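Hi everyone, thanks for coming. I'd like to walk you through a structure that may be new to you, so let's bring it up on the screen.

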Amino acid sequence: MSQLSPGSHGDSSSDGKSLPRHPLTGPVRCSGVLLALVILFASAVAPDARATELCEYEGATYLGNHPKEKRPGWHKDFQGMTHGEDTNDSNWYISQHTGNVLWRVPFSVNLAQDIQCGPITGSGVGCRAMADHSMLTDAGYNHFGDPDHYDPDPLGGDGGFVFVPLEGFDADAPGAVAVYATPSLDLVGFSVAQLDGARHMPWVSFDNRGYLYSSMGGSPSNSDFLDPRGVYRWEVDWARLRANAANGPGGNDNFDFLRLVGKVELGVELPGDFSHSVVCTRLQVPLAGCSADSREPILNAAGGGASPGDFVPLGLRTPQGADFSDDGRFLFILNGTFSDHCQYGLLERVDSVGVTAFLDGCGIHVFEVTNVDMPGQLCSAGPGDCRGRRVAKSHGSGSGLRYQYSPGFPFYGEPEGLDWFDLDAPGAPNIPGTTPASCLDPDTGATLDPCPVGGQLHAVLLDNNSGNNDEIFIKHYRVDLRCRDVPDRELSVAPESHDFEEVLVGSSRSVTVIVRNTGEARIVLEQFSLPPLTDTTFEFVGKGLPTVPETIVPGAAVFLTIRFAPQVEQRFSTVVRIKTSLSTVPLLVPLAGEGVGFAAQARSLIEGLDNGLDRQELSDDQPNQSSSAFRALLQQAEDTVEQGAIADACDQLADTLRRVDGLPVPADLVSGPAALQLVDEIALFRERLGCPFLCADGLRGDGEACDDRNLVSGDGCSADCSLNESGFACATPGFPCVSVCGDGLVVGLEDCDDGNTDDGDGCSASCETTENGFACLQPGLPCVEICGDGMIVGDESCDDGNTEDLDGCSGDCRVREAGFTCEAPGVACEPICADGTVVAGEACDDGNTTAGDGCAGDCSAVEEDFVCPPDGGACLSSLAPAPAISMLALALALFAIAAIAASSLRRRA
């Protein structure tokens, strides 16, 4: 699905609707409001829940099929499709069970033509097989489901990721997700879905804020394999995915990048004229034909008898594909198989899983997904359960949301895959088809024939009939979502929801909810409360609690601190209700947490140890002995807790922590890439017991300046955690300290530090590299250029490979001397002939390159019988006769001599 920025408004059109966004272009006008601008989504954090749009589903228009009854190569056992969300990714991604391959098909390829599966090369059609990565097949997977593409940074140009659900017909292969980097389809890794008993994961889809969703089921050995309790959602560790993607193809092993954060309960609101109080418990029988002993009461979500208007849980027996609309509010699910068990659209009660739900018919189902306790807010507002209210369902003929589907013999039609993609946007991949003749060119008004298939919703149907096996149809729909802007609230609440996670029974953990006035007027806090409980599991604490009513001036805030203190081992949830003068409807902040006992934590640790050993993520120095010693340490700590000696248990766990720190010295009981996870869990258990902080436990406590989870000095944090060593920053406890580039100290991985973080001055911006051509002689001082190394860097004007003067480049490489040209670094400068100046390497320079005038044409020699000035200038011939004296000049000279002689005689007389 495309991604929507929840904190921005869409561009407005003349009718007041916001404009949709296509990942290749920008906002455009289409039938109904779909999108705002592209989101720059960097990590999976609890997003801002202040809605800017409220959308309603107003119907759909069936546009036709394309391809229609085609066999293009990827059709047989087709499972699902998605498309590139990144601005530079113009590809379809198609999953196929035959061969278990994932296709990359450029938008430019006509999906109706026959194409062949080949290796991923260049930018053309290519495939990646599940068997290319043994970690998937070795784990028992042999089936791809309907994928979805997501890019946390769709403008970054790195392509993002395709998430492909994995299924295995192996009882030990739980539902999982494989992740491929796009467009290369290199495997990044895969993660188990963390849901007990779930063996079937047929599809995945992202909402507009980066939460991953899927329905989950049990054994796929029969047609009734899906869990009717609803849809689950997970938070994705994007930082971990990107780090693993950097390792390259096949450079990763199985790891957990998904965290289960909630469930979406699907259901229907019974209409006002609903009159049935019972439902038939058997399928394939019309409701009117149910016998008396096969009817059961219909129950609402609270477990009571259903009445008109009640929300009744709804299960879909065989979802094959799903996707969210761009605003994240509507989830479209395609349900059904080739069998005919649901062609009647009947309801069936299912209570074998501990809840009462109803299985409903096949085709496309449209659900509006919102928070259970916060109607109107998107499900993605934070961890917690949500509700999907069905607002529409497809039908088999006519127009609108039409999905022609013929399950059962002899047709065996089968729904397979669904994608939300705005093909009405300019620049979108046009799919030539047979849509109505009223399709007009937006610029000329001319009728387009054939009209390109547009729309936003695209559902796939396989025709499995025996005559033409596995022909494929892609059905296209234009969906009308009417959206209106909702002004941002003038009140912010952080966090908007909170999960305390596991807290040791008998201990507690607190969170502070900040209620801030972000508007320009005064707001009165009228009430804040928690639902009454029989104990103090959740309670307000602290001296700074506001006294209501309390006025919050613009920019100011009040603080509500809530403590979670479980007394029994179970999961708890509640809601903080905050009433202000802004609205009569209270603002709700969901809270959750789980009380756990130490024995359960110890068991979890041991299970983690065993799993790590089985997956070879942990290793024993002495097989079957070190792990036994580890268990013994945990058991001793557990026994000590049960005896009430908490301090002794803390010491015991501290010893266990030191023996499993993952460092090579001293030798640990167990080591390996998963050892640090055990370190984190042991440290967390110590924290829950109230143990004093321990150096190297990854938690910074009183008296500790840092804690980088080791007992080594010289890496930024001293061996006793008392000192943050010079030159390092130890920002996050439990993580390595990092050297501070630009502080004038060379530490850690630094190779230099010239007191700044600039590139091109000799020391790189990260301080990890001394740049070529420089010498960084003293930390904290600027690096200097190396003259004579044949490289021009910094303030150098030339470098002829030496440090001599008068050869064209000065001895310090900063001046190009007159009369020379220095064309290439590391190469001797050349004198400039014919510039009238004689420099080293020239015998003469008469200002020209003409031979025969005394100086050779290349200034290399004084020609024979010539004399040339040593500093340059015109040369003279050494053989030329003495200048002739004219007769007039001679006469004048003789007359002058005579006159002088006569004058001399007169003086004597």
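What is the mean pLDDT of the chain, and what share of its residues reach 70 or more? This is a predicted model, and the mean comes to 76, with 69% of the residues at 70 or more. Over residues 1–52, though, the pLDDT is below 50, and that stretch has 177 contacts in the model beyond near neighbours in sequence. Residues 282–289 also stay under 50, and for them the model has 18 contacts beyond four places in sequence.

Now let's turn to some strands. In general, strands of a sheet pair through backbone hydrogen bonds, either parallel or antiparallel. Take E32, which spans residues 509–517 and runs antiparallel to E30, residues 491–494, with four bridges joining the two. In that pairing, Leu491 stands opposite Asn517 of E32. E32 is also joined to E36, residues 557–564, by eight bridges, and that pair is antiparallel too. There you can find Val515 opposite Val558 of E36.

Next, an open sheet. Which order do its five strands take? The order is E31-E38-E37-E33-E35, and the pairing is mixed. At the edges stand E31 (498–504) and E35 (550–552), each with a single partner strand, so one side of each has no neighbour in the sheet. From one strand to the next, the twist averages 30 degrees.

Within this sheet, let's zoom in on one pair. E33, residues 523–529, and E37, residues 571–580, run antiparallel and are joined by four bridges. Look for Gln527, which stands opposite Lys579 in E37.

Definitions and conventions
Residues are numbered from 1 along each chain as its sequence is written. This is a predicted model: local features need pLDDT of at least 70, side-chain atom pairs count only at pLDDT 80 or more; totals for chains, interfaces and linings use all residues. Side-chain values use heavy atoms; hydrogens and water are left out. Two strands pair if DSSP finds at least two bridges between them. Axes are lines fitted to C-alpha atoms, for helices over the stretch in contact, and angles run from 0 to 180 degrees between N-to-C directions. pLDDT is the predictor's confidence in each residue, from 0 to 100. Contact means heavy atoms within 4.5 Å.
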